[in-house]
Amino acid sequence: MVSIYQRIYMDIEAKIISGDWRPGDRIPIEHELVAEYQCSRMTVSKALSALVERGMIVRRRKTGSFVASPQIDRTVMDIQDISTEAELAGHEHRFELLTRRVERLGETDAQQLSEAPDAEILRLQCLHIVDGRPNAIERRIIMLDAVPRARDESFASIPPGKWLLAEVPWSKAKHVIRAVSVDTATARMLETERGQACLSLIRQTWQNGRTVTYVEIIHPGDRFQFAGTFHPMAKLAHTTGGSASDR
């Protein structure tokens, strides 16, 4: 079973990927989608917002929504937001902010990020919970010289990844995916065994040569997978997030 929100998202996505709707084409307005799917305007708006976040459409005030032009240098794996991916897959998501502190960048982290030591950063740790089970530990550094607004953001009601996607454009990203054996503390938070195989996604994003954020997200190996579907049409690559359900 899929929700109406998912149906709207997938139907529009399919028409874009198939080429039925080309870059620049105007998609039906919200009122038309409300009538077609017999749903609330809020449901339609939620689906369109998710498509905007995936870079598939653009919304223009007073004129409507249009198919976005594909990015020529779009990364093979798109920047993903855990909460949006979980909801699109029909799962319930919530998160807990475990730690939040402003500090100075140490020598080890500075070398890893190729940034100057002693730069001011915001260090965050979050637990993502999907369908009542821990699904990911997120450990993130945000460079405050690049994102000064993060200093005053509590992240009490919005996950850091989702906030950054909405607030800060990125021009370059690097992903590293690997298998890791988790330590005792991480295993306890993820409700798994110490030494259990987990999936680690390390991502660093830049804006005009400056690091925006560096994050490691660790998922239990038996509750998550990375999967991608790619299409040659117009060089548009659509990458799905990991499945939050048991495999």
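This is a predicted model: local features need pLDDT of at least 70, side-chain atom pairs count only at pLDDT 80 or more; totals for chains, interfaces and linings use all residues.
Let's start with a pair of residues: arginine 60 has glycine 64, in β2, as its bridge partner.

How many residues sit between β1 and β2 in the hairpin they form? There are three. One to look for in the turn is lysine 62, which has a positive phi of about 75 degrees.

## The six-stranded sheet

Now on to the open sheet, which is built from six strands. Reading across, the order is β3-β4-β5-β8-β7-β6, and the pairing is antiparallel. At the edges you'll find β3 (93-104) and β6 (172-181). Each of these has a single partner strand, so one side of each is left without a neighbour in the sheet. From one strand to the next, the twist averages 15 degrees.

For a look at one pairing, take β6 and strand β7 (residues 197-207), which are joined in the antiparallel sense over 10 bridges. Here valine 180 stands opposite cysteine 198 of β7. There's a helix on the sheet as well: α6 (residues 160-167) packs on it and touches β4, β5 (133-143) and β8 (210-220). The direction of α6 makes about 45 degrees with that of β5.

## Zooming in on histidine 128

What does the side chain of histidine 128 make a polar contact with? The partner is the side chain of glutamate 138, at 2.6 Å. Leaving aside neighbours within four places in sequence, histidine 128 is also in contact with other residues, including Ile82, His93, Phe95, Arg133 and Pro159.

## Two helices that cross

Last stop: a pair of helices. Two packed helices are described by the angle between their axes and the distance between the axes. For helix α2 (residues 30-37) and helix α3 (residues 41-53), the axes come within 9 Å and cross at roughly 115 degrees. That makes α2 roughly perpendicular to α3.

Which residues make the contact? On the α2 side they are Glu30, His31, Leu33 and Val34, while α3 brings Arg41, Val44, Ser45 and Leu48. As for handedness, α2 passes α3 in a right-handed crossing.

Technical notes. Residues are numbered from 1 along each chain as its sequence is written. Side-chain values use heavy atoms; hydrogens and water are left out. A polar contact is a pair of N or O atoms within 3.5 Å; within protein, one must be able to donate a hydrogen and the other to accept it, and residues adjacent in sequence count only if both atoms are side-chain atoms. Contact means heavy atoms within 4.5 Å. Two strands pair if DSSP finds at least two bridges between them. Helices (H or I, at least four residues) and strands (E, at least two) are DSSP runs, numbered from the N terminus. Axes are lines fitted to C-alpha atoms, for helices over the stretch in contact, and angles run from 0 to 180 degrees between N-to-C directions. Angles under 35 degrees count as roughly parallel, over 145 as roughly antiparallel, 65 to 115 as roughly perpendicular and the rest as oblique. A crossing is left-handed if the near helix is turned anticlockwise from the far one by less than a right angle, and right-handed if clockwise.
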